[in-house]
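Thanks, everyone, for making the time this morning. I would like to walk through one model with you, beginning at a loop and then moving into a sheet.

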Amino acid sequence: MKNSLVGLLIILAGVSPIYAVEATEGPALPRVVLETKGIDLQRWLLIGSFEAKPREAAVEVDFLAGLGKEEGVCVQADLAAWAGSLPQSGKGRPTVRLVEGADVVDFGKLYDSQPLSILGLPQTAVYAACEIVAPTSQEAWLLLGADDGAKVWLNGELRYAWRERRMLIANDEAIRLPLQPGANLILIKITNFSGRWKFQARLEIDKVLAAQAVLDADDVFLLSSSSVISPDTSLEYQRTCLGAFNLPAQLESFEGEVIR
């Protein structure tokens, strides 16, 4: 009864609650060994879900602070501690779970949360984490598709942020990851405005292949948008690949006429 009253007072005061947990044995943080070719990331340790306050942007809220450690300084030991202390099921408080073998992680199904936009419900968030083991200091690219918002940290450093609504397109973004020798922690926060709530990720070590994957994703975007582009409309589209170079392109009609 006392704990319930304390939790109620915290919520009424408008302060993010500090979740009381009891240590048990939980799922381990997934580990991926970097090889000579790209790999789809299909094993994640999930912590969530969290709910923002009304009219609050979930992508900007540090929900991990309620567990005792901020997003930017969270390390592997913190995730291991939470995995051994948070419940693995239930509603009304954060849980920890391991997902395996999923090309696309569907949070809407995992957390029974796919609210309609017309309801104006608070935004939600989940954290996904894994370790990437690199033999040497080297660069890799995280190819990310997400619905909706997202932030990506590598070893505590924020490498990417997206704050708007969007649909999931595989390999939509290429995020450069400067990996250190040994274990590197990837922490991703995926937030939801309404409707579908998903993400997928792939790790690529070849820069050219990463750039091609992003361009292929753009093809998906253009094809999905072609139905709303009238024949007499010009379209200008520019994409910066990996923050390193621009590639020129042109859009043609089905008859081969160059439109732009």
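Let me begin with P135, which sits in the loop between β6 and β7 (138-147), where helices (H or I, at least four residues) and strands (E, at least two) are DSSP runs numbered from the N terminus. Please keep in mind that this is a predicted model, in which local features need pLDDT of at least 70 and side-chain atom pairs count only at pLDDT 80 or more, while totals for chains, interfaces and linings use all residues. Residues are numbered from 1 along each chain as its sequence is written, and side-chain values use heavy atoms, with hydrogens and water left out.

P135 is exposed, at a relative accessible area of 60%; buried means under 20%, exposed over 50%, and partly exposed in between, with a 1.4 Å probe and protein chains only. Setting aside neighbours within four places in sequence, P135 is in contact with L34 and P181, contact being heavy atoms within 4.5 Å. P135 and A183, 48 residues apart in sequence, have their C-alpha atoms 9.1 Å apart.

Turning to strand β3 (residues 44-51), six of its eight residues are buried, so β3 is largely enclosed by the rest of the structure. It runs antiparallel to β4 (residues 95-99), joined by five bridges, and pairs with β6 (residues 124-134), also antiparallel, over six bridges, pairing requiring at least two DSSP bridges. G48 has T95 as its bridge partner in β4 and V126 in β6.

Finally, the cysteines: C74 is buried at 3% relative accessibility and C130 at 0%, while a search of the whole structure finds zero disulfides, meaning pairs of cysteine sulfur atoms within 2.5 Å.
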